[in-house]
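I opened the notebook to log what I looked up in this structure. Entries follow in the order I made them.

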Amino acid sequence: MIAANWKMHKTHLEAIQAVQKLSYLLDRKDAERVEVVICPAFTALRSVQTLIDSDRLPYGLGAQDVHPEDEGAFTGGVAGPMLAALDVAYVIVGHSERRQLFGDDDATVNRKVKAVIRNGMAPIVCVGETLEERESGGTETKVAEQVRRAFDGIDATAADRSVVAYEPIWAIGTGRNAEPTDAGQVVEVIRATLADRVSAELADGVRVLYGGSVKPGNIREFMAHPEIDGALVGGASLDPESLALIARYR
């Protein structure tokens, strides 16, 4: 899976143009070999969904966040049923920017994961450590705890379509990267934690992505590691040509 997180970029018109350009650059065979998921801003979801449906484009649609409740007096919130009605298949939950800038703690992330699953969508659960935690040797402890808390109270049947993204916070938008071997070791920790928290079957089957300054120039290195199943791509996904190169990493 290659998931494009456009963050707070692109109007709905710019999003349409980007997806149309991507459809010319990435042929159907490429897109069918690697699942490509586009995660635009909320204001562009309907436009991108309509384009995907009308042109029968082989892309999945993802949202960047969700409110934990399905409805209510939560000004500015976007609920799971609203996303499901737009044929959103995936929802990013617990991205480091949501955790750091918007105050999403582990309990909130857990509630959002449950909201996504409850509404028939699949969460892309983001976990990762800060530079300080990495330098102090706390990477595995931090990531394992985030995974445990994100999936607390969720059984294997409910979580079977879940995706986990390891995004070292110190690498996001900095041009720095974890080494593929190091990232692979963290993915092993993620799977071991899922096996302990949920089930061995889920741990074996869940897709784990790497996210941290992924670009066309380094995607092959990460995808060559047997533990890494794809990438959550930020800035490099804003350019359709760059995203197409990443999706065609082979």
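**Entry 1: the largest pocket**

The largest pocket holds about 510 Å³. I then listed its lining, which comes to 22 residues. Closest to the pocket centre are Phe 42, Gln 64, Asp 65, Arg 98 and Phe 102. I note here that the model is predicted.

Which helix gives the most to the lining of the largest pocket? Helix α5, residues 96-102, does, with four residues. I sorted the lining by class as well. Ten residues are nonpolar, seven are polar and five are charged.

**Entry 2: Asp 106**

Next I looked up Asp 106, which sits in helix α6 (residues 106-118). Is Asp 106 buried or exposed? Its relative accessible area is 16%. The cut-off for buried is under 20%, so Asp 106 counts as buried.

I checked for a side-chain partner. The side chain of Asp 106 makes a polar contact with that of Arg 99, at 2.8 Å. I then set aside the neighbours within four places in sequence. That leaves Asp 106 in contact with Arg 99, Gln 146 and Arg 149.

**Entry 3: nonpolar cores**

I turned to the nonpolar side chains. The largest nonpolar core has 69 residues. Which of them touch the most other members? They are Tyr 59, Phe 151, Ile 190 and Leu 194. Helix α9, residues 180-197, gives the most to this core, with five residues.

Neighbours within four places in sequence were left aside. Leu 194 is in contact with Val 147, Phe 151, Val 164, Ser 199, Leu 202, Ala 203 and Val 206.

**Entry 4: Ile 52**

I took Ile 52 next, in helix α3 (residues 45-54). With a relative accessibility of 9%, Ile 52 counts as buried. Its contacts are Leu 57, Tyr 59, Gly 60 and Leu 61, leaving aside neighbours within four places in sequence.

Ile 52 and Gly 234 are 182 residues apart in sequence. In space they are 21 Å apart, C-alpha to C-alpha.

**Entry 5: helix α12**

How many of the eight residues of helix α12 (residues 240-247) are buried? Six are, so the helix is largely enclosed by the rest of the structure. I wrote down the buried ones: Pro 240, Ser 242, Leu 243, Ala 244, Ile 246 and Ala 247.

Then I asked what covers them. The cover includes the strands β1 (2-5), β2 (36-39) and β8 (230-233). It also includes the helices α1 (12-25), α2 (28-33) and α11 (219-223).

**Entry 6: Glu 129**

Where does Glu 129 lie? I found it in the loop between β5 (122-127) and α7 (131-135). Glu 129 has a relative accessible area of 0%, so it is buried.

I looked for its polar partners. The side chain of Glu 129 makes a polar contact of 3.2 Å with the side chain of Thr 139. Another polar contact, of 3.0 Å, joins the side chains of Glu 129 and Tyr 166.

The contact list came next, not counting residues up to four places away in sequence. Glu 129 touches Arg 134, Thr 139, Lys 142, Val 143, Tyr 166, Glu 167, Pro 168, Ile 169 and Trp 170. I also checked Arg 118, eleven residues away from Glu 129 along the chain. The two C-alpha atoms are separated by 28 Å.

**Entry 7: His 67**

His 67 is in the loop between β3 (59-63) and α4 (80-84). Its side chain reaches the backbone nitrogen of Glu 69 at 3.0 Å. Beyond four places in sequence, His 67 is in contact with Phe 74, Gly 77, Val 78 and Ala 115.

**Entry 8: positive phi**

Last, I checked backbone angles. Most residues other than glycine have a negative phi. Lys 7 has a positive phi, near 50 degrees. Lys 10 has a positive phi too, near 75 degrees. Lys 7 is in the loop between β1 and α1, and Lys 10 is found in the loop between β1 and α1. At 22% relative accessibility, Lys 10 counts as partly exposed.

Key
Residues are numbered from 1 along each chain as its sequence is written. This is a predicted model: local features need pLDDT of at least 70, side-chain atom pairs count only at pLDDT 80 or more; totals for chains, interfaces and linings use all residues. Side-chain values use heavy atoms; hydrogens and water are left out. On a 1 Å grid over the protein atoms alone, a cavity is a set of points where a 1.4 Å probe fits but cannot get out, and a pocket is an open set with protein on both sides within 12 Å along at least five of seven lines; lining residues have an atom within 4 Å of a point. Grid points are joined across faces, edges and corners, and a volume is the space filled by probe spheres set on the points. Helices (H or I, at least four residues) and strands (E, at least two) are DSSP runs, numbered from the N terminus. Ala, Val, Leu, Ile, Met, Phe, Trp, Tyr, Cys and Pro count as nonpolar, Asp, Glu, Lys and Arg as charged, and the others, Gly among them, as polar. Buried means under 20% relative accessible area, exposed over 50%, partly exposed in between (1.4 Å probe, protein chains only). A polar contact is a pair of N or O atoms within 3.5 Å; within protein, one must be able to donate a hydrogen and the other to accept it, and residues adjacent in sequence count only if both atoms are side-chain atoms. Contact means heavy atoms within 4.5 Å. A nonpolar core is a set of buried Ala, Val, Leu, Ile, Met, Phe, Trp, Tyr and Cys residues joined through side-chain atoms within 4.5 Å.
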